[in-house]
Amino acid sequence: MNDTLSRVAQVLEARKGATPESSYVASLYHKGLNKILEKVGEESVETIIAAKDAAISGDYSDVIYETADLWFHSMIMLAQLGLHPQAVLDELERRIGTSGHVEKASRPSA
């Protein structure tokens, strides 16, 4: 699984140097972080709707498709910020074996 994320991350990094006309990802980078965040929000909503529909219909194809879009756009966001998906995987690994309630309580107050 991690290999797939790494391969996608490599492609996203390569697109940083591409012209906006040459690829969708390059066009998002060119438009900046706010446009990328807009896409993450849009994909989040589409994923939620697909999950609600799947719970009723039993057809999970759209929720898989929309989740892939959400992850993809989240990875573009991370790349725009100079982060690699491995940082997220490391954080998830750190949380394994820790109660969600304990983990949440350990976060600094905002």
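**Getting our bearings**

Mentor: The chain has six helices and zero strands; helices (H or I, at least four residues) and strands (E, at least two) are DSSP runs, numbered from the N terminus. This is a predicted model, where local features need pLDDT of at least 70, side-chain atom pairs count only at pLDDT 80 or more, and totals for chains, interfaces and linings use all residues. Residues are numbered from 1 along each chain as its sequence is written, and side-chain values use heavy atoms, with hydrogens and water left out.

Trainee: Okay! What box do the C-alpha atoms of the chain fill?

Mentor: Roughly 45 × 40 × 30 Å, taken along the principal axes.

Trainee: And how many of the residues count as buried, in percent?

Mentor: Of the 110 residues, 25% do. Buried means under 20% relative accessible area, exposed means over 50%, and partly exposed is in between (1.4 Å probe, protein chains only).

Trainee: What about contacts between residues 24 or more positions apart, what share do they have?

Mentor: They make up 54% of the chain's contacts with a separation of 6 or more. A contact here means heavy atoms within 4.5 Å.

Trainee: Let's zoom in. How many residues does helix α4 have, and how far does it reach?

Mentor: Helix α4 covers residues 61-80, so to speak a run of 20 residues, and spans 29 Å from its first C-alpha to its last. That is close to the 28 Å expected at 1.5 Å a residue, where the expected span is 1.5 Å times one less than the number of residues.

Trainee: Which residues of α4 are buried?

Mentor: V63, E66, L70, H73, M75, I76, L78 and A79.

Trainee: New topic: charges. How many salt bridges are there?

Mentor: Seven. A salt bridge is a side-chain nitrogen of Lys or Arg within 4 Å of a carboxyl oxygen of Asp or Glu.

Trainee: Where does D3 come in?

Mentor: The D3 side chain pairs with that of R7 in a salt bridge, at 3.2 Å from N to O. The two are four residues apart in helix α1, so about one helical turn separates them. D3 is partly exposed at 48% relative accessibility, and R7 is partly exposed with a relative accessible area of 48%.

Trainee: What does R95 pair with?

Mentor: With E91, at 2.9 Å from N to O. Those residues sit four apart in helix α5, so again about one helical turn lies between them. R95 counts as partly exposed at 31% relative accessibility, and E91 does too at 26%.

Trainee: Which residue does E13 meet?

Mentor: K16, in a salt bridge of 3.4 Å, N to O. E13 is partly exposed at 44%, and K16 is partly exposed at 34%.

Trainee: Which residues are linked in a network?

Mentor: K39, E42 and E43 are, through salt bridges.

Trainee: Last one: how far apart are the mean positions of the positive and negative charges?

Mentor: They are 5 Å apart, for 11 positive and 16 negative charges. Lys and Arg count as positive and Asp and Glu as negative, while His and the chain ends are not counted.

Definitions and conventions: Charge placed at Lys NZ, Arg CZ, Asp CG, Glu CD.
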